[in-house]
Amino acid sequence: MFAFVYTFLAGNALLALANAPLVFCLALVADPAAAWPFFLLLSVTIAPSLGGIFASFRALNDDAGTVKPVAAFLKGYKRSFKRTALLGVAAVALLLFLGVDLVAVQAMPGAAVLMPLLVVLAAVSVCLTVTVIAGVVLLPETHLKSILKAALYFVVQRWYLSLGMLVLLGIIVSAAVLQPVLGVALAPAPLLFVIWSNASYSFHAALRAP
């Protein structure tokens, strides 16, 4: 139990440091939703930090007795940075494109059809990015294209886990927006651990399949 609490507390602190510009601006701006493109651009740092905390969770699962969350986070962050940073940039660019389209189609005749489609695409993009990052940490020697294909299958086939992921991520975002300091200090790591556990299970189940 101590290993879990220690990992969660250290993970939250490291996430805050890795995303310091985003956390700082959230604390200063009264209405982040009004400046969503700016905050979306700042969120490009989230993907590499997820690589770090997922590495901490992997170390916790492998050997909770001797876990060193700070060292595991830093090692995982550095090891996966190139691929997770690329994923982060791609995800932010796609979400920015979808967000601009979502605003633009509100006044169009086909808004009732286009808006739900854009929302679904954005949701799939978020779930896919997080699942791929988990795969990068879990299978560091596997080609990114193979992880991406497997992750897309998991996100669609196990839609209920994807829906759960969106709910957990929504809680994290809400906590960070409403109470930036307290929310980031307490909420992310335990909820991200659930997301990591589900993604890890999906990849391990695929590896065990004949």
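This report describes aromatic ring pairs in a predicted model.

Residues are numbered from 1 along each chain as its sequence is written, and side-chain values use heavy atoms, with hydrogens and water left out. Local features need pLDDT of at least 70 and side-chain atom pairs count only at pLDDT 80 or more, while totals for chains, interfaces and linings use all residues.

The structure holds 13 aromatic pairs. Rings of Phe, Tyr and Trp (its six-membered ring) pair if their centres lie within 6.5 Å; planes under 30 degrees apart count as stacked, over 60 as edge-to-face and the rest as tilted. Two of the pairs are tabulated here.

| Pair | Centre to centre | Angle between planes | Class |
|---|---|---|---|
| Phe-4 and Phe-193 | 5.6 Å | 85 degrees | edge-to-face |
| Phe-8 and Phe-57 | 6.2 Å | 85 degrees | edge-to-face |

Helices here are DSSP runs (H or I, at least four residues), numbered from the N terminus. Phe-4 belongs to helix H1 (residues 2-18) and Phe-193 to helix H10 (residues 188-208), so their pair ties together parts 189 residues apart in sequence. Phe-8 also lies in helix H1, whereas Phe-57 sits in helix H4 (residues 46-62), so this pair links parts 49 residues apart in sequence.

Burial is judged by relative accessible area: buried is under 20%, exposed over 50%, and partly exposed in between (1.4 Å probe, protein chains only). Phe-4 is partly exposed because its relative accessibility is 29%.

Key
Helices (H or I, at least four residues) and strands (E, at least two) are DSSP runs, numbered from the N terminus.
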